[in-house]
Amino acid sequence: MILSMPLATNPYDIHIGKNLMAQLKMLIKKVYEGSKIYVITDQTVFNYHQEYLLKRLVDFEVEVVVVAPGETSKSFEVFEQVVDELIEKGIKRGHLILAFGGGVIGDLAGFVSATLYRGIDYIQIPTSLLAMVDASIGGKTGINTNKGKNLVGSFYQPKMVIIDTLLLRTLDKIEYQNGMAEVIKSAFIGDASLANQLLVSPVSEDEMIKRTIEVKRRYVLLDEFDRKERMYLNFGHTFGHAIERKSNYHIKHGFAVAVGMVIACDVGIKLGITSQETKEKLVALLKKYGLDKTVVNPNNYINEVFFDKKNINDILNMIFITDIGCPMISQIKKEDFNGCFN
């Protein structure tokens, strides 16, 4: 199946299905006439898929840049190393980059593509559930700093996104749960029917991924540059990012966002925005997918959340839900958190 992303400046297609890697040459040729391709990936993904990937790129001249797996690769140091290696391997502005990996690779490779020579075309080929439903969609790229997650970055859309759900076969249970947090988030901010289905019965993987992407697609088309509606996608991320960073990224993104969504509901209940029933449905769904095990004291993260990108003049734009599928933005000051958490 194909979802179009008809953005004014850079429209592109999102291809979703099983065994799309078998069509990789044909898909690349739709957007790239050259012969030189530069793959950016991490060591874990490359170990799993090196032969599988390179066999499907046999008609191109391929160079590969491999980084260490994990969030620590989204750093200035690794960014510079990747850029230097690409230049040494002969990359030019008219070549093509493939971001082949999870969310970290998508963010890093996208930022490299956005900045090297002031812009090189790239294609996202996500290999994790989290990257398929979130990081590969919408053109947000970036790296972390000591002060927070994704604080340095760019909006830079890919030429295409290729989501081959067969790649999920190599994903372990923890990484699959990690991605399910973003599925649940998307359902709670934009697809109440999906949220209810996930609670009571299985949803086919391709259908689940498609519907999750459709939520993000809708908000990106309304607000490409994250000034209003796209901010709804940050539900759970205000505290989630702080929890990730303070754990030195030992707590994975999805598990941190799961906690962040519950915290947002607690604050929303205190402010009269969110109902207890809505929170209970969220908690039940998180528990069903094993995303209820991370326990933190929210009071320990209040200072950190004010380093968030959504902090404007010490007022935080925080995302709440009034009901399943109904998000809203509310401006929060530090004192608004008083009494929210036991």
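1. V104 touches G70, E71, S73 and K74, leaving out residues up to four places away in sequence; contact here means heavy atoms within 4.5 Å. V104 sits in helix α4 (residues 103-115), where helices are DSSP runs of H or I with at least four residues, strands are runs of E with at least two, and both are numbered from the N terminus. With a relative accessible area of 18%, V104 is buried. The cut-offs are under 20% relative accessible area for buried, over 50% for exposed and partly exposed in between, using a 1.4 Å probe and protein chains only.

2. A word on the model before going on. It is a predicted one, so to speak of local features needs pLDDT of at least 70, side-chain atom pairs count only at pLDDT 80 or more, and totals for chains, interfaces and linings use all residues. Residues are numbered from 1 along each chain as its sequence is written, and side-chain values use heavy atoms, with hydrogens and water left out.

3. G106 is also placed in helix α4. At 4% relative accessibility G106 counts as buried, and its contacts beyond four places in sequence are A99 and Q124.

4. Where do the "binding site" residues E182, H237 and H253 lie relative to one another? That trio comes from a UniProt annotation in an unreviewed entry. They span 72 residues in sequence, yet no two of their C-alpha atoms are more than 10.2 Å apart, so they gather at one spot.

5. E182 belongs to helix α6 (residues 173-190) and is buried at 1% relative accessibility. Beyond four places in sequence, E182 is in contact with L130, V133, D134, T212, H237, H253 and V257. The E182 side chain also makes a polar contact with the side chain of K185, at 2.8 Å. A polar contact is a pair of N or O atoms within 3.5 Å; within protein, one must be able to donate a hydrogen and the other to accept it, and residues adjacent in sequence count only if both atoms are side-chain atoms.

6. H253 is in helix α10 (residues 253-270) and, at 11% relative accessibility, counts as buried. Not counting residues up to four places away, H253 touches L130, K149, N178, E182, H237, H241 and E244.

7. How do α6 and α7 pack? Helix α6 meets helix α7 (residues 192-200) at about 130°, with the axes 6 Å apart. The axes are lines fitted to C-alpha atoms, for helices over the stretch in contact, and angles run from 0 to 180 degrees between N-to-C directions. The pair is therefore oblique: under 35 degrees is roughly parallel, over 145 roughly antiparallel, 65 to 115 roughly perpendicular, and the rest oblique. From α6 come M180, V183, A187, F188 and G190, which meet A192, L194, A195 and L198 of α7.

8. Two backbone spots deserve a look. N150, in strand β8 (residues 148-155), has phi near 60°, a positive value in a residue other than glycine. N248, in the loop between α9 (237-246) and α10, likewise has a positive phi near 60° without being glycine.

Key
UniProt positions are given in the numbering used here, feature names are shortened, and annotations may be inferred rather than shown by experiment.
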